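Colleague: I am new to this one, so please show me the model and then take me through it step by step.

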Amino acid sequence: MRHNAPADAYTLKQIFYKNLAAYEIKTVHNKEPPPPEILEFTTAKGGSLLTRTLENFTARSLKGDKEDSGDDGTPSRERSTVDTPNSARASRGLREAPAPRVIFHPDTNSTRQTRHAGSAQQQPAANPSSNSNSQNSQQPPSHSQSHSSTPIPSHGPPHAHQNRGSASVMYNPGPDHSHHLVQSFQPPPLQPLQLRIVDTPTSNPELFNKRRRLLRQPGTSSTSALVRAALPPGSLDGPNIYERCLLALRSGIRAEQAFGLNHLVKISFERGDKYKFAQFSGLAEGLTEFALGVGSLFYNVEWIISNDPDADDGDIGELDGINGTLDILERIAQLKPKDVQDNFQPSEFTDHMTLVTEAVLTIRNMVMLPDNAWFMADYAPIKDLLCILLHLPDMDLTVELKHFALDIAEQITPNLVLESDDPLYQTLLGQLKSNDRGTILTALRAIGRISMNHATETNKLHDVPVSVLQNLMDWLLLNDDELVDACLDFLYQYTAVVPNLDTLIKGTNVEHLVIHLVRLLSHGAKRYHKDIVVSEARIVYDPPSEQVVSIPPDLLERLLTMEEPERTHQWVRCTFEEDPDAQVTQIAIWQAYNAAFLEPLKRTGRSMINAAEFIRNISSVYHTAGAQVFREQGPTGEVQSRFIIRGIRPRAFPISPENRGYLGCQWTRQPTSDEQQQQQQQHQHMVCGAWHLTTESMWNHILTQHLGEAPGTDNKFSNKEGTYSCHWDSCRRYPTPTKLNLMQLMMHIKTHLKAEEARHNALYPALQPPPTPAAGGPGGATEPFPGGPASGMTTPGGGPVQVAPSPKRSKTRVIKPASTISLTFEETASVRDERNPNVPPQAAGIPLSAVLILRNIARNVVKTDAEERLRKQSRKRLGDGQEEDDNDEAKEEEEEEGALVVVSTVPSYPGLVVSADAGWNERLFRPVMPRLWEVFCENRLLAPYITSLFKLLEPVE
């Protein structure tokens with residue numbers, strides 16, 4: 001359902017007015033308001049409000065109301081002539097409803113009519129009287145049949161609009177009625193546009209700079225003034241605070257100027273990020289002209305700015321406002337200072353000085369914004385103002401002004417290109433001779449930022465006095481990071497220019513500078529140690545040995561009671577262990593088996609197993625073991641074949657079939673003649689090497705075999721006193737015969753036995769520990785019977801036995817500790833890239849500046865004239881056989897330039913000999929080369945820069 005917004009709004013307004021009328025009758029006229037039948041349910045057509053009260057209301061029929069009010073009950077335009085003189089609102093009537101809006105719906109199917117259709121439509125228009133009559137005569141039928149579904153045919157020409165009919169009733173001619181001229185119409189070709197070059201700040205910068213200078217001249221109307229002139233009077237409430245301050249500053253009235261400067265200081269401090277010179281024409285000029293008034297306070301001069309490009313050099317106080325005053329320093333030198341007391345001044349002087357300080361402070365605050373700094377850099381008189389301020393007398397009154405001037409210079413120099421003869425450049429260099437740390441710091445930063453924002457020009461730093469260079473080198477010794485950093489920034493730019501190095505070499509001791517720069521490579525460094533793991537800790541086997549251990553006698557007796565292949569299985573298990581990475585030759589293992597069993601078997605009349613069957617039986621003991629043929633190239637080049645068994649290795653000690661390891665006797669003895677020769681070749685002690693399963697058995701072995709003691713009838717040893725010595729390997733307790741009791745010696749030997757047993761169990765925990773000895777001391781232990789049930793071996797009767805299970809792998813492995821190296825590192829200042837924080841930190845701060853200066857010196861010193869003179873004189877001295885020169889002037893020149901030096905004059909490295917034909921790089925960097933390599937190895941951040949330095953120091957062939 002569509003709503004008619006205007007009609008709905010009128011209905012709502014009508015109801016509101018009716019209720020408002022009832023409220024006015026009650027409150028204004030003190031009458032009884034009418035009932036709803038009068039106001040709400042009847043038409044609003046009628047006279048005043050007082051004719052519709054409850055007392056004078058006359059009821060009407062609903063039909064009469066409709067006839068009076070019309071079809072839709074809207075109020076009539078006619079108003080009642082009866083007005084009550086008691087009320088001014090008595091004759092008020094309701095506003096009639098507006099005509100309903102009919103939305104136009106265009107016919108999208110209509111086409112352009114032909115000439116015949118147009119003439120047919122124009123024929124009725126030629127007789128307007130007949131047309132009107134015909135329309136009047138046809139209007140009733142058309143109105144009466146407007147809702148009929150069957151249209152009435154029309155005779156005569158069609159009309160575009162008939163009696164408010166539909167707009168879609170139009171004549172639609174066919175394509176045959178189109179004119180041939182229309183069909184053959186061709187549009188004319190497009191004409192190319194005439195283009196012309198438009199001057200823009202990029203295409204014609206000189207034109208716009210000229211216009212900008214002209215707009216700055218006094219008397220030129222600003223854009224804001226033109227805008228205000230175009231506005232009608234009364235449309236502005238007056239200038240804002242910014243305009244008021246500017247007009248007060250340019251008024252020349254001291255009170256107004258004090259008001260303006262006071263507010264400008266606050267505005268520039270609080271709104272410095274938005275307060276721009278470009279928005280207020282004449283602000284920069286007004287502040288600069290007022291600040292130039294400081295000249296009248298200390299000198300008899302009035303500084304004024306002249307914007308006349310054709311003006312000649314006039315008064316000493318007339319400054320060039322377009323190009324700047326080139327001889328400003330000479331003019332300042334000609335001035336005669338006034339007699340100004342530093343502690344007592346008149347009130348007028350103090351007030352004027354305060355206003356000048358506020359003007360300079362306002363400029364200083366505003367140039368902190370880059371847009372304002374660029375604006376002031378393009379304003380030539382600002383450089384003259386800075387030169388005047390920085391050349392004021394050295395008094396406490398002028399300290400604040402000078403610091404403000406240096407702050408201004410620091411902000412605008414990045415946008416300036418200053419040559420060596422520029423007055424501002426010379427003035428800033430003069431500030432480096434000051435004793436004020438703040439002045440030196442700000443001046444260094446201002447000089448170092450010259451031409452920083454320029455696209456093509458660089459800061460060449462020409463004609464720096466030698467005294468300034470010497471001061472910079474001296475300040476590097478101070479424990480002041482901020483000052484040292486500023487000095488290094490200056491030296492980095494200074495050493496980047498080749499002619500500057502000639503001045504540095506002639507006027508200063510460059511060797512000392514290089515030494516201090518190398519010292520600063522570790523400025524603020526934190527040293528720490530770090531262990532680098534070369535190889536991780538891992539479990540490895542003992543080094544494999546080709547020598548198979550001998551068989552203990554008791555184990556040999558037990559193995560001889562077995563038959564093949566059980567004997568082979570047990571012998572391999574007791575003397576070899578599994579190792580996938582080891583190997584043993586087949587001939588070595590077969591010879592060891594023959595040496596152990598050939599003679600005993602012959603004595604008993606039994607035969608040996610053949611070699612092929614023996615090799616095959618080894619794989620049944622250890623599944624990872626197998627016979628292989630290994631081919632390798634011999635020493636003479638021929639291919640040799642080795643028959644090996646991979647997967648096993650000889651044990652370090654034999655084990656019993658019950659998986660109990662044997663302990664070896666470490667008692668040294670006198671070698672035989674053959675053993676003595678072998679001992680001399682291998683540089684080893686000859687130990688007993690007898691194998692015992694228990695410490696008690698070894699204890700008895702030492703008593704009987706090595707000490708020569710025999711037990712008594714009760715199978716006990718007597719505790720007699722004698723001369724004894726301990727020959728246990730590596731024992732230093734009784735190395736020489738000592739008089740003591742046998743019991744004391746055996747108690748000492750027992751410590752060796754227990755230590756050997758503990759070491760054996762710690763290295764091989766998988767092996768079963770020996771049985772606990774029976775009480776009664778040594779000799780009271782009973783060893784298991786070789787053929788008993790505990791042995792698990794074959795009985796003499798040949799009964800079936802089960803071999804004791806062998807461990808999956810003998811624990812003869814050892815833990816090889818990790819191989820590490822300890823390194824020392826240095827960490828200096830670093831910074832991360834804000835655009836890519838994931839990359840490693842980069843070097844920064846004083847160490848980075850120092851290495852960059854060293855690199856500049858190494859790169860550019862070979863291009864200087866001093867390098868040419870040094871090599872030329874060195875070749876001359878070598879050609880003359882190092883004879884003395886009779887020419888005194890040549891001697892003086894050589895001594896002055898230090899060209900012919902064979903022994904280094906560096907105090908830190910006295911007596912260091914360098915090559916006579918070496919250049920400046922050899923002379924400067926050879927003494928500090930060890931320290932450079934140390935920093936290269938320890939400082940990972942500076943290593944890339946030192947690498948490039950080493951490449952520059954390489955001699956060029």
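This is a predicted model: local features need pLDDT of at least 70, side-chain atom pairs count only at pLDDT 80 or more; totals for chains, interfaces and linings use all residues.

Colleague: How many aromatic pairs does the count come to?

Modeller: There are 18 aromatic pairs, taking the rings of Phe, Tyr and Trp (for Trp, its six-membered ring) as paired if their centres lie within 6.5 Å, and calling planes under 30 degrees apart stacked, over 60 edge-to-face and the rest tilted. F277 and F375 make a stacked pair, because their ring centres are 5.8 Å apart and their planes stand at 20°. F277 lies in the loop between α10 (254–270) and α11 (283–291), while F375 belongs to helix α15 (residues 370–377), so this pair ties together parts that are 98 residues apart in sequence. Helices here are DSSP runs of H or I with at least four residues, strands are runs of E with at least two, and both are numbered from the N terminus.

Colleague: And Y593 with F597, what sort of pair is that?

Modeller: Y593 and F597 form a tilted pair, with 4.9 Å from centre to centre and 40° between the planes. Both lie in helix α26, four residues apart, which is about one turn of the helix, and Y593 and F597 are each buried. They also belong to one aromatic cluster, whose other members are W571, F576, W590 and F614.

Colleague: Where does helix α26 lie?

Modeller: Helix α26 (residues 586–604) lies across β5, β6 and β7 and runs at about 110° to β5; axes are lines fitted to C-alpha atoms, for helices over the stretch in contact, and angles run from 0 to 180 degrees between N-to-C directions.

Colleague: What order do the three strands of that open sheet have?

Modeller: The order is β5-β7-β6, with antiparallel pairing, and two strands count as paired if DSSP finds at least two bridges between them. β5 (576–585) and β6 (626–633) are at the edges with a single partner strand each, so one side of each has no neighbour in the sheet. From one strand to the next, the twist averages 30°. β5 and β7 (residues 639–650) are joined by six bridges, and Q583 has R646 in β7 as its bridge partner. Helix α25 (residues 566–575) packs on the sheet as well, touching β5 and β7, with its direction at about 95° to that of β5.

Colleague: Is β5 mostly covered or mostly open?

Modeller: β5 is mostly covered, since seven of its 10 residues are buried.

Colleague: Changing topic, which residues touch the most other members of the largest nonpolar core?

Modeller: Those are V294, F298, M376 and F925, in a core of 121 residues; a nonpolar core is a set of buried Ala, Val, Leu, Ile, Met, Phe, Trp, Tyr and Cys residues joined through side-chain atoms within 4.5 Å. Helix α31 (residues 845–860) gives the largest share of this core, nine residues. Leaving aside residues up to four places away in sequence, F925 touches V514, L854, I857, A858, L932, L949 and L953, where contact means heavy atoms within 4.5 Å. A second, separate core has 33 residues, among them L555, L559, F597 and Y622.

Colleague: Last one: what is the mean pLDDT of the chain?

Modeller: The mean is 76, and 69% of the residues reach 70 or more, pLDDT being the predictor's confidence in each residue, from 0 to 100. It stays under 50 over residues 113–171, for which the model has 28 contacts beyond four places in sequence, and also over residues 772–811, for which there are 48 such contacts.

How values were computed:
Residues are numbered from 1 along each chain as its sequence is written. Side-chain values use heavy atoms; hydrogens and water are left out. Buried means under 20% relative accessible area, exposed over 50%, partly exposed in between (1.4 Å probe, protein chains only).
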